[in-house]
Amino acid sequence: MPNGADTHCPYCALQCAMTLTPATTDSAAPGPVAAPTAEPAHPTPPLEVSGRDFPTNRGGLCRKGWTSASLLHHNGRVTEPLLKGSDGVHQPISWDQALMLIAAAVKDTQKQHGNDAVGVFGGGGLTNEKAYQLGKFARLALRTSRIDYNGRFCMSSAAAAGNRAFGVDRGLPFPVTDLDTASVILMLGSNVAETMPPFVPHLQGARDAGGLIVVDPRRSATAALTSDGGGLHLQPTPGTDLALLLGISHVVVHEGLVDAEFIAAKTTGYAALVRSLNAFWPERVQTITGVPANLIRETARRLAHGVRTGGSYILSGRGVEQHVDGTDTATAAINLSLLLGLPGSARSGYGTLTGQGNGQGGREHGQKADQLPGYRKITDPAARAHIAKVWGVDESLIPGPGLPAVELLKSLGKTDGVRCLFVHGANVVVSAPDTNAVTAGLRALDFLVVCDFFMSETAAEADLVLPVTQWAEEEGTLTNLEGRVIRRRQALTPPPGVRSELWLMARLAERLEAPSIFSDDPESVFEELRLASAGGLADYSGIDYAMLDRGEAAYWPYPVGSTGTPRLFGDGFAHSDGRAVMVPVTPSKRAVRSFADDSLALATGRLLEHYQSGAQTRRVEALMAAQPQARLLIHPGTAASRGIADGDYATVTNERGEVLCRAELSNSVRADTVFLPFHFPGQENANRLTEAATDPISGMPEFKTSRVWVKKAGATPAAAIAVGVRVPVYVKEAL
Amino acid sequence: MSERIVVVGFGPVAARLVDEILPAVRSGLVQLMVVGQEPEAAYNRVMVAELGVGRTTAEALAMADAAELMADGVDVRLGVKVKRIDRARQHVVLSDGSSEHYDRLVFATGSRPVIPNLTGLNPDPAGPVLPAGVTALRDLRDAAVLRSAVADGKRVVVLGGGVLGLETALAASEEGALATVVHNGPFPLGRSIDRGSGSVLTNSLRLGGVRMAGNARSTGVETAGPGGSFSALLLDDGSAIDGDLLVLSCGVRPRIELAEGCGLPTGTGILVDHHLRTYHEPHMFAIGDCAEVRCPDAACTDCRSATAPSGLMGPGWRQAEWLAEYLVVLARDGQAAADALEALPPEKPGVVVLKARGINLAVAGDNQADPWDEELLEAGAASGRPRRQVSQWADPEHGRYVKMTTRGGVLEGLVSVGMPRTAAELVVLFERSSELPADRSLLLRLDGPDQLDSGATSTDPQRTVCRCAGVSAASIEDSILEGCDTLGEVSKATRAGTGCGGCHEDIKGIIEKHFQAAAA
């Protein structure tokens, strides 16, 4: 029964606060209502959503949040374990059967192919408790090193750069509200006006001061906020962000805009950085990026001026990070911020905007291949000893580092690769790069288990689909984009047959005779996470549910006895000498290439109405009505030379695959670039075209500069017209 | 014993080479010695004029740190010249009398300024002795001379209408000096631009405070200044241009005498093949300004159109990166592996973007043809190769001019004055050999005011006012009809304005309009 709760939105990392209250109409109540003869596609939600005042969203929500409750009693919900039969059709089985089957599959696989033949793919949407437990489950119950997660596709580059420069990675090392009074904000490849609209009011101060500077190849909704005196829009050609940042830094150095005192006291590597910047004078950078030299100079000067007025902030997003040189690009942004003395200042700073709901917490507690809880390195003997002690096991039981996501997915079904895979909170068939290859990999597995609440495209591939709880049906914590730990609260009882992933891991741990304790109670798991994280970089040991429930603002690191850390770096950086490290970086040679063959650069990204792979938002009627299909954004001039008119179907192809979708003509995109949202499956799936090439440091794939050829589609295939609300592969039987 | 590489010269190109080889030095794979004639390690020569007008500092120009390199095991010799090279013994003989063995030798000797033949100047190319108040603006000491002239608001005469001359004059003028450019021909930049862009550029320079003396032939310098320093540049028509400092900006010439001295074939520069190897001596190489890539194979099509060294930095850096990889592979895996590396791709004609604050100019390729020059347009159009096409935009009143010369839609030449976005896009298109949009005017509008989002709002009732919550104007009006009369009430009823807040003014406008209409 719904009882309502104060909680946060299920979607992005802004984690807008919302209040859920029982819906007023009777028809909304679940349970003992007579089964209708024909179930409505979208039953009335059992809960009503209202915005709640909170520093991040101040009561605001976007469409995704407002409509989020409509998924709770959605009739596409999976409510029983489903086993795929030999006919390819999923049939319900009992939980007991499901657990038995999994335990047998794990044991069989490991007996034949070794422990690492079992793998886990997690998600940045999982609560801290689940993410923590999943890492522990993989290592102790499955005894495998092969665990990684979809955050590798989001935050890994910024995280690697942050760790390298600052010694720690917290997306925003300051509360979001610090931005309110800034006079200059440089947004690098981040489209918050679509991805997290309630964030936009935090940019208002900078816009009023004419200081919002947006770097984006597209005139995105966020870039449009710079019009009418709001600031500047820099439109580099895709894949050249790094050179652009070096050009801005060059101007800062040569025009004497550096914060010399800060550099001397708080950083290392300045002289080498200056030498590396020398080759990037604005006019040369103009020839690489297509951004006029005067805008490059202007940006540098405004940033420097902002420091002396209301403050300057540099914020990076996936647009500059999701590249094979993403770590270096994020590093270039950090270097620029260090030259200007922004990090650690009370009124200025650098940050990266985390994307997924728990993209921050999800990257701290052991879901990553190379990591143990508390943002510890799995190769660090002291870290291993600490975690082994908390888990009550011998250190030798903790496997070493595994494979990062793209490598993990490439290994599926291969000799010495993963043959039995668990997927939690991820829809890799839509969201992973080179998805045709990923799908082939999933089909080559001996056994695939997918935990989801809907029959996602990945679940449809699964041998076994396990129904798990949604956000309003569970307790837990998440860590938002500013490193603040917040509470997710249960507002209604999950449907019978649905279980939490904590419960699932606890039961499987028993069947697999795992050492240590696997609780299925979120608060107990959090208590263990506190101990495990104690002394680590992301130290949660001073945080408990009671204080979060009192509304206390808890920013990590929050060691026992402290009051947390709303602002990092005030007393120095997390390297042993307390200094930030400036690492000289240069564009990779890959960035220089010819477009003489009529190819275009494909950038992928988001729409306001959809979230991630769309597994949830494509099931919301209002959102689907607004954005029912993928549209290829193409410049009118580029379209004209290909005979494509607005609304025509176009094919987008390269050596990896083909996408068929409608074209939308717009001069918001550069003539050498096309844009596709990545929320859609099948023939509209943008990730059929992206390449599984990765950043050498972070393992981040290249999502933003795939080389593609665009043509007008011939006769419009019938399948292309069948858009609208998709019927899930499995529609559950009437109650 | 690991292989010993000696780099002759320590400018920006050599610095890149050294940086790229450094990991192999650290690992002990190769030994590296670099010999620089100047007392400083490599610095960014491209920005010497900027330093001369006080827009940057010498520290910021550094491109190498000798002490750090030494600590990494590189043998750095500064303030030392290579006097000659003994090819037979594989020795370099240094000006300090020492002699050093090499296994591989790389010429990175760069270029030296051309000293024009003027009375009052010693034209000895190897070691010109210039009178006080005359500089070729090549190194840090020259920059210091310009710096003091600019700081004192002196009269600076720039001889030469090339890129560097224009940049120097404009920057000096903007920083307070009185600058005059003396050049031959009707407009500066000579054959690389056309008449239209030349006259627009000249006007822009004049507006920028630079005095332009075109069609001028200089014959000598007058040294009647204090202590026999420069006082005027003398022209062939008998006139003189008075000044306190003469900046010679008459181009550069590759420094090839060391290579010549040891019998290596040279043209304008030291001749090298596609692996940057000197002819007949495969363990000697040349990169940067001193190198002329023109292979001995007469049938090589790439080399038929090869030009002398460009004097631009980009090609030299690409050569340095390529050669570093070649040398490291050679040392590690042997000749066969090194030969298997892909040869350095031929350079495209260089792009010049004027380094200037007040003027925007980009030039590349051949810009001589006009739209109706049948002869020039047909040139090279044979056996199915399309003819050239020229599109042109001239707006001298507003200091704007663009010419695009294309073949098959791909740029062969471009010149853009006064249109920064257009220039930036054209250069990217040129560099990538991308096809231009059939409607060339698309490229001209990038700098236009219509490219900015207008603040005007449509009055279509079905239009979406609040994108975040997906609320139309009609729904907002309905809520007003139902009694909402403030932003807060409308938001509560419709959710409009609850996301990014960008539509608040719009909603207020709809409310106001509604009640105005009601009152009327």
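**Note on a predicted two-chain model**

1. Helices α14(B) and α15(B) are roughly perpendicular to each other. Residues are numbered from 1 along each chain as its sequence is written, while chains are lettered from A and ligands numbered from 1 in the order in which they are written.

2. The numbers behind that first pair come next. α14 of chain B covers residues 473–481, and α15 of chain B covers 487–494. Helices here are DSSP runs of H or I with at least four residues, strands are runs of E with at least two, and both are numbered from the N terminus. The angle between α14(B) and α15(B) is about 115 degrees, and their axes lie 10 Å apart. (Axes are lines fitted to C-alpha atoms, for helices over the stretch in contact; angles run from 0 to 180 degrees between N-to-C directions.) The crossing is right-handed. That term applies if the near helix is turned clockwise from the far one by less than a right angle; anticlockwise is left-handed.

3. Who makes this contact? From α14(B) come Ser475(B), Ile476(B), Ser479(B) and Ile480(B); from α15(B) come Val490(B), Ala493(B) and Thr494(B). (Residues are in contact if their C-beta atoms, placed from the backbone, lie within 7 Å.) By class, the set has four nonpolar and three polar residues, with no charged ones. Nonpolar covers Ala, Val, Leu, Ile, Met, Phe, Trp, Tyr, Cys and Pro; charged covers Asp, Glu, Lys and Arg; the others, Gly among them, are polar.

4. α8(A) and α14(A), residues 326–339, pack at about 15 degrees, with axes 9 Å apart. That angle makes them roughly parallel. Their crossing is left-handed. Among the contact residues are Leu242(A), Leu245(A), Leu246(A) and Ile248(A) of α8(A), and Ala332(A), Ala333(A), Leu336(A) and Leu339(A) of α14(A). The contact counts 10 nonpolar, three polar and two charged residues.

5. How do the chains meet? 45 residues of chain A are in contact with 45 residues of chain B. Several helices of chain A each give at least two residues to that side, including α8 (241–254), α10 (270–277), α11 (282–289) and α12 (293–308). The side of chain A that touches chain B has 24 nonpolar, 14 polar and seven charged residues.

6. Overall form. Chain A has 25 helices and 30 strands. Its radius of gyration is 25 Å, close to the 27 Å of the globule rule for 735 residues, so chain A is as compact as a globular protein of that length. (The radius is taken over C-alpha atoms; the rule is 2.2 Å times the number of residues to the power 0.38.) Its C-alpha trace spans about 70 × 65 × 55 Å along the principal axes. Chain B has 16 helices and 28 strands. At 30 Å, the radius of gyration of chain B is well over the 24 Å that the rule gives for 520 residues, so chain B is more spread out than a compact globule. The C-alpha box of chain B is roughly 100 × 65 × 55 Å along the principal axes.

7. A sheet in chain A. Strands β1-β2-β3 form an open antiparallel sheet in that order. Strands pair if DSSP finds at least two bridges between them. Neighbouring strands are turned by 35 degrees on average, direction ignored. β2(A), residues 17–22, meets β3(A) over five bridges. Met18(A) stands opposite Gly51(A) in β3(A).

8. A sheet in chain B. The order is β13-β14-β15, again open and antiparallel. β13 (218–222) and β15 (240–242) have a single partner strand each, so one side of each lacks a neighbour in the sheet. Four bridges join β13(B) to β14(B), residues 232–235. Glu222(B) has Ala232(B) as its bridge partner.

9. Two backbone points to check in chain A. The peptide bond from Trp556(A) to Pro557(A) is cis, with omega near -5 degrees. Pro557(A) sits in the loop between β21 (554–555) and β22 (580–581). Asp434(A) is not a glycine, yet its phi is positive, about 50 degrees. Asp434(A) lies in the loop between α17 (428–431) and α18 (435–443).

How values were computed: Predicted model: local features only at pLDDT ≥ 70, side-chain atom pairs only at ≥ 80, totals over all residues. Contact = placed C-beta atoms within 7 Å. Parallel < 35°, antiparallel > 145°, perpendicular 65-115°, else oblique.
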